[in-house]
Amino acid sequence: MSVHLFNTLSRRVELLEPLHPGQVGLYCCGPTVYNFAHIGNLRTYLFEDLLRRTLEMAGLNVRHVMNITDVGHLTSDADAGEDKMIVAMRREGKTARDIADFYTQAFFRHADALNILRPHVVCKATDHIGDMIALIQRLEANGFAYQAGGNVYYDISRLPRYGVLTGQSLDDLQAGARIEVDANKRNPHDFALWFTRSKFENQEMTWDSPWGRGYPGWHIECSAMSIKYLGEQFDIHCGGIDHIAVHHTNEIAQSEGATGKSPWVKIWMHGEFLLADKEKMAKSAGGFLTVDTLIEKGYDPLAYRYLCLGAHYRQQLGFSFEALDSAAAGLDRLRRAVFALKQEAGGAFKPGALSDPSNRSDRSDRSDNPWLSEFRSHLFDDLNAPRALAVVWAVMKDDLPSPQKLALIHEFDKALGLGLETWTPPKEVIPQEILRLAEARAAARKAKNFAESDRLRDVIAAQGYDVKDTASGPEITKRSPKPV
Ligand code: AMP
Ligand code: ZN
């Protein structure tokens, strides 16, 4: 089954045709590690995780690369403002390295809690300064870079394709220019590749370069690292929609200018925003929500994953605790239903255990199973997770035998990443009132007053609890809600 994805570059849904059959090179812009990632940032990483899992479900061998921005990202995505790392150094009184290490670890702790698969390559900007310098030198050699005021800039007028991602021509850009004027620039949309001097001269993170001691611009790191790990042309590049106009536009300009190859990336994919109070959730706004905040409030982080799966990645998602509550309830129902299936089927799904060639419907772990085909067809159609989730619920409500349902869940969860098979119900705390009733019932049984003990069993049952008499005494369990 083929995979179709919406390409920001062509503005339509396209068939994915990997450059190297069976393999997909995937680059995702990573976090700027000057603060915690908020759950809006993580919505973008969840979308990218769904993409990777979907491609893997399609049998493709994905090489997933993500950078860590630990230098060069200014408070504006263009060349204005201060380096975000320096803002954090001032705020926390720590070194840039300590800040980067702390927030990188926090990022992966949160990503792990959301079952986001670790990229195959995680690369730090500060470890790749040499690669960035080499790429800037290629741009210089090809006539795309110029020096002014001690800095090195990219000359956008040299690339006719500049702005191809937004569909804006150079003239459109000129007309709409509202960029802070840097007198060194020939064109207000030119951007810095290397700074030796700028308005913040006391930049503490600097490196030697052919242009003097300084530091790189933000965009060059993604061009340099993606080319290093995925080659001069690759399949898919992702990020949030805020990266389209400046960061990704400039990445394309740099990479195509340096290599002379076009298109640099075949498919560009962008995740829509998570909104808080109808506005983009943002780090600068303060008071943003992190995975730790959700945990502190008693939520399982996977409830947030389930919430995100319920919205298509190209649609805005308004965050509210009411929405998270209903996602948590939905996930809880699904987990309990799968747990009940496991009990009915006598344990977890075992691959191959279901294959009975004589029975067409008993092939839930095979790709020709109609439920599995339907589930996949939705994900392969530009990652339509809400529809894929609807198939999960339809399977749970269907009267298929439990082992088959379980086999399907096993396959579905490879893409959903909800950990459905491993979940076990938390130990229930039995209320005092129920314990008291159970004691009274045990006493009635001991006194052979079976009418009374039966009556008390009914009273307990009416409150949603079952009492079972075992060799080690009465056992009380909360009755699980009807599976679906
Ligand atoms: P940053 O760490 O600021 O570079 O952002 C990391 C990723 O999160 C980028 O791909 C951004 O486009 C994305 N992003 C930022 N804000 C939001 C938001 N409110 N909702 C979804 N994605 C976001
Ligand atoms: Zn990037």
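This is a predicted model: local features need pLDDT of at least 70, side-chain atom pairs count only at pLDDT 80 or more; totals for chains, interfaces and linings use all residues.
Figure 1. Helix 1 (39-57) and helix 9 (301-309) each supply at least two of the residues that line the largest cavity, and helix 1 gives the largest share, four residues. By class, nine residues of this lining are nonpolar, one is polar and two are charged.

Figure 2. Leu383 is found in the loop between helix 11 (370-379) and helix 12 (385-397), and its phi is near 55°, a positive value in a residue other than glycine. Leu383 counts as buried, because its relative accessibility is 1%, and buried here means under 20%.

Figure 3. The N-terminal end of helix 9 is capped by Asp300, which has a side-chain oxygen 2.8 Å from the backbone nitrogen of Leu302.

**Figure 4. The second largest cavity.** About 100 Å³ of space lies in the second largest cavity, and of the 13 residues that line it, Tyr45, Met66, Ile116, Leu117 and Pro119 lie nearest its centre. Helix 1, strand 4 (61-68) and helix 3 (96-113) each supply at least two residues of this lining, in which nine residues are nonpolar, one is polar and three are charged.

**Figure 5. The zinc ion (ligand 2) and its donor residues.** Cys29 and Cys222, each through SG, and His247, through NE2, coordinate the zinc ion (ligand 2) at 2.1 to 2.2 Å, and the spacing of these donor residues in sequence is C-x192-C-x24-H. Because Cys222 lies in helix 6 (residues 218-230) and His247 in helix 7 (residues 244-259), the pair ties together parts that are 25 residues apart in sequence. Cys222 is buried, with a relative accessible area of 1%, and His247, at 1% relative accessibility, also counts as buried.

**Figure 6. The surroundings of ligand 1.** There are 19 residues around ligand 1, of which Gly40, Thr44, Asp242, Leu274 and Met281 come nearest. A polar backbone atom of Gly40 lies 3.1 Å from a nitrogen atom of ligand 1, while a polar backbone atom of Met281 is 2.8 Å from a nitrogen atom of the ligand. On the side-chain level, a polar atom of Asn41 is placed 3.0 Å from an oxygen atom of ligand 1.

**Figure 7. Backbone geometry in two loops.** In the loop between helix 7 and strand 11 (265-271), where Pro263 lies, a cis peptide bond joins Ser262 and Pro263, with omega at about -5°. Asn115, in the loop between helix 3 and strand 5 (121-124), has a phi near 60°, a positive value in a residue other than glycine. Asn115 counts as partly exposed, at 27% relative accessibility.

Terms used
Residues are numbered from 1 along each chain as its sequence is written. Chains are lettered from A and ligands numbered from 1 in the order in which they are written. Side-chain values use heavy atoms; hydrogens and water are left out. Ala, Val, Leu, Ile, Met, Phe, Trp, Tyr, Cys and Pro count as nonpolar, Asp, Glu, Lys and Arg as charged, and the others, Gly among them, as polar. On a 1 Å grid over the protein atoms alone, a cavity is a set of points where a 1.4 Å probe fits but cannot get out, and a pocket is an open set with protein on both sides within 12 Å along at least five of seven lines; lining residues have an atom within 4 Å of a point. Grid points are joined across faces, edges and corners, and a volume is the space filled by probe spheres set on the points. Donors are N, O and S atoms within 2.8 Å of the metal (3.2 Å for Na, K and Ca); water is not among the atoms, so sites may look incomplete. Buried means under 20% relative accessible area, exposed over 50%, partly exposed in between (1.4 Å probe, protein chains only). A polar contact is a pair of N or O atoms within 3.5 Å; within protein, one must be able to donate a hydrogen and the other to accept it, and residues adjacent in sequence count only if both atoms are side-chain atoms. A residue is near a molecule or strand if one of its heavy atoms lies within 4 Å of it.
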